[in-house]
Amino acid sequence: MRLGVFVCHCGSNIAATVDCAAVAEAARAMPDVAFAADSIYTCSEPGQEAIVAAVAEHGLDGVVVASCSPRMHERTFRRTVARAGLNPYMFEMANIREHVSWVGRDKERNTAKATDLVRMAVEKLRRNRPLTPREFPATRRVLVIGGGVAGIQAALDCADGGLEVVLVERTASIGGKMAQLDKTFPTVDCSSCVLGPRMVDVAQHPDITLYAYSEVAAVSGWVGNFEVSIRRKATYVDWNKCTGCGECIKKCPAKDAPDPFNAGLAPARAINIPFPQAIPKKAVINAAHCKQLTTGKCGVCAKVCPSGAIDYAMTDTTVTEKVGAVIVATGYELFDPTVYGQYGGGRYPDVITSMQYERMLSASGPTGGHVVRPSDGREPQSVVFIQCVGSRDRHIGRPYCSGFCCMYTAKQAILTRDHVPGAQTYVFYMDIRSPGKGYDEFIRRAMEEYGVRYVRGRVSRIFPKGDRLVVRGADTLMAAQVQVEADLVVLAVGAEHAPGAQELAATLRVSIDEHGFFLEGHPKLKPVETNTAGVYLAGACQGPKDIPASVSQASAAAAKVLGLFARGTLASDPQVALVDPRRCVGCLKCLKTCPFGAIREEQGRDGAVRALVVETVCQGCGVCCVTCPQGAVQLQHFTDDQILAEVEALCRTPLPTCG
Amino acid sequence: MPDPVADLRIVGFLCNWCSYGGADTAGVARLAQPTDLRIVRVPCSGRIDPLFIAKAFYGGADGVLVSGCHPRDCHYSEGNYHARRRLELFLRLLPALGIDPGRFLYTWVSASEGQRWQRVVADFTARIHALGPMPRLRETDLAAAACHPVAPGEGA
């Protein structure tokens, strides 16, 4: 084997505290090293050309570059050696900048350390084997889980990019939380005017298959080749026949079903269409409240339905779809304020949540856009908003800031003035967080133009006084206790992870963070990827986000998926585990420890059970290698031999060998 | 090989994603560190076979440091949990192998924790210097110790 070593000065970054010429000189004496040189900038064009030339001139089989971190330029130099005609994996890097020249001050010691690191790299490279990525075909279809604004955007971007999209929504209509909103900040434009047409686009797009009222039950396979089973929940209405005319809803005698779309502000009928702009606009029977399904004594909707769509015998069905990538856009849930007993949410009818208030402001809401007190229907003259209900409070396990509550509170306070002229509005806040474009100006408008009175401090207690409520809290800027009489109190609830996020994460083999939100691949450089190849994140499932941020991330996720499929085939990273079938005894301990389910049980021709690594699923962590009692599984490019060769290069004495 | 300078031999096994990145961050921030430690990059702390550590000690390492992603932060979901279980057990085995457990440390450093990395390196190096060079094992004992389990009190 003939190896070449290139020691980089990195200008003075390395050369100032490492004697690069001495390192190159020492490298010449290392085993198999046929050529060693130092260069000022190895990563520059002349530096790379020198490597290509040396490979040809000296007939090199592998190259070591001692320079910066492999996290910086490993790919650069792999391409260089590939250009020189070598396998890109016949390359090793010694990090003598971040780990030596930049952290050590003593030139002699640094030079000794750099020489050691080069020796390690040479010893590892002597045991490297050429590796080849495997090309495999990808199913050019994408599954989008969740039909809120993020899921809608991701689905449309993917479909417009030429991919087939399967959109799965848990509820009966897409639209998510944004569809429930009356107006959006900071423009105060109508939410459904922005979102409605996008929802229609989803319904009409020829490349989008929408499964509403459905859930992802199981996911198998790997990037490029996922198989997803989707459970279509029984609606008891044949959606192929239902025209959304609403006759059934008018006649349904069961009037006490919950209405999640109106945030529990008004009850709904047992058969219902979630909201007038619903997509798909189809009726669903709530089985728990339907008299026909609970007692067998009704059947009114079946009688009045002009298209005969009602089917009380309907059951859940399962469909299977093949996709190549998954975008998770399951969004968030609003915090349940009954946790704060002192605020009286759930106890006092005039203490409501921000989403209930939003529905009240909406012209299509249960009050037709009139702001009223739920207790007596009177117009409130004094409305108090309390922020950070379920945010920034570690005592209830919500230490994080939900991000959008400051803004929607300002919006609701502004709208209150529009709906009830002359009403006095108060906002109790901890800090104002309004970093988006035009956001701070919006808060200022609330304060200055709309006379919203901002009080900095926590509310300690809300209690009734006559038919009004007393809000008692602190004003930390005045250093005083304050008390405000209110007709209506709106709790600005924070965001928490969507219910079932943990189960979905387990199904998709991705991680969630300590608060139950999906974990991105890297907080800075991989904000839409997960640690599982082919699974991407969009919107508030990754953490609380407002609409622009959700839409941006959704488009980013779509771009990632389009990029993934751009070449037609995918290349697998060849640094994966490999089972030596002659040593494998079929204990399958590796199968149990593999975090990715990348190891399969396989029966050989001799009938014996053995482990088999699915190359395209393996992420190359090497947990299996350490688990294997036989040493039959080896992580290519990081084999036991290679790591021990590096260790030995650092040791004073040769490692003892057995036998 | 004779040491040209008086550094002790500390072998560091670092996962590629968090701790190696943390060491890079410390470098980029020019956070000064002792030069005794040399780093072996592995994909995941879950890749680290306790055998690697034992072999490093038997080869004359004066200290071994393992660092990976913080629990919950593993790039491979759960590799560091496997590492934690193995290393915790290994820590208890060290006396039986004739190795002072003070010469071994496993810790978690994320890619953003350059300062933490600097402190870990400085503290661990100071600790190894306080313990001094690893007592040399005799050649025959070395071979025996590496090839057969050593009962407490035997070997070195």
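## Helix packing within chain A

In this predicted model, the axes of helix H13 (residues 405–419) and helix H14 (residues 439–448), both of chain A, come within 9 Å and cross at roughly 35°, where axes are lines fitted to C-alpha atoms, for helices over the stretch in contact, and angles run from 0 to 180 degrees between N-to-C directions. Helices (H or I, at least four residues) and strands (E, at least two) are DSSP runs, numbered from the N terminus. H13(A) passes H14(A) in a left-handed crossing; a crossing is left-handed if the near helix is turned anticlockwise from the far one by less than a right angle, and right-handed if clockwise. On the H13(A) side A:Cys406, A:Met407, A:Ala410, A:Lys411 and A:Ile414 meet A:Tyr439, A:Phe442, A:Ile443 and A:Ala446 of H14(A), contact meaning heavy atoms within 4.5 Å. These residues divide into eight nonpolar, no polar and one charged, given that Ala, Val, Leu, Ile, Met, Phe, Trp, Tyr, Cys and Pro count as nonpolar, Asp, Glu, Lys and Arg as charged, and the others, Gly among them, as polar.

H13(A) also packs with helix H12 (residues 354–361) of chain A, at an angle of about 35° and with the axes 11 Å apart, and this crossing is left-handed. From H12(A) the contact draws on A:Ser354, A:Tyr357, A:Glu358 and A:Leu361, and from H13(A) on A:Tyr408, A:Lys411, A:Gln412, A:Leu415, A:Thr416 and A:His419. By class, the residues of the contact of H12(A) with H13(A) are four nonpolar, four polar and two charged.

## Where chains A and B meet

Chain B contributes 61 residues to the contact and chain A contributes 54. Between them the two chains bury about 5,100 Å², 58% of it on carbon and sulfur atoms, buried area being the accessible area (1.4 Å probe) that two parts lose on being put together, summed over both. Within chain B, the residues B:Arg38, B:Arg41 and B:Arg47 lose the most area to chain A, together 14% of what that side buries.

One part of this meeting involves helix H19 (residues 640–650) of chain A and helix H2 (residues 50–58) of chain B, whose axes come within 10 Å and cross at roughly 30°. H19(A) and H2(B) are therefore roughly parallel to each other, a term for angles under 35 degrees, and H19(A) passes H2(B) in a right-handed crossing. Here A:Asp640, A:Ile643, A:Leu644 and A:Val647 meet B:Phe52, B:Lys55 and B:Ala56.

## Salt bridges

A salt bridge is a side-chain nitrogen of Lys or Arg within 4 Å of a carboxyl oxygen of Asp or Glu, and the count over all chains comes to 51. Between chain B and chain A there are six salt bridges; A:Asp116 forms a salt bridge with B:Arg9, with the closest N and O atoms 3.1 Å apart.

A cis peptide bond, with omega about -10°, joins A:Phe185 and A:Pro186, and A:Pro186 lies in the loop between strand S8 (183–184) and strand S9 (189–190) of chain A. The peptide bond from A:Ile279 to A:Pro280 is cis as well, with omega near -5°.

## Basis of the model

Residues are numbered from 1 along each chain as its sequence is written, while chains are lettered from A and ligands numbered from 1 in the order in which they are written. For this predicted model, local features need pLDDT of at least 70, side-chain atom pairs count only at pLDDT 80 or more, and totals for chains, interfaces and linings use all residues, while side-chain values use heavy atoms, with hydrogens and water left out.

Technical notes:
Angles under 35 degrees count as roughly parallel, over 145 as roughly antiparallel, 65 to 115 as roughly perpendicular and the rest as oblique.
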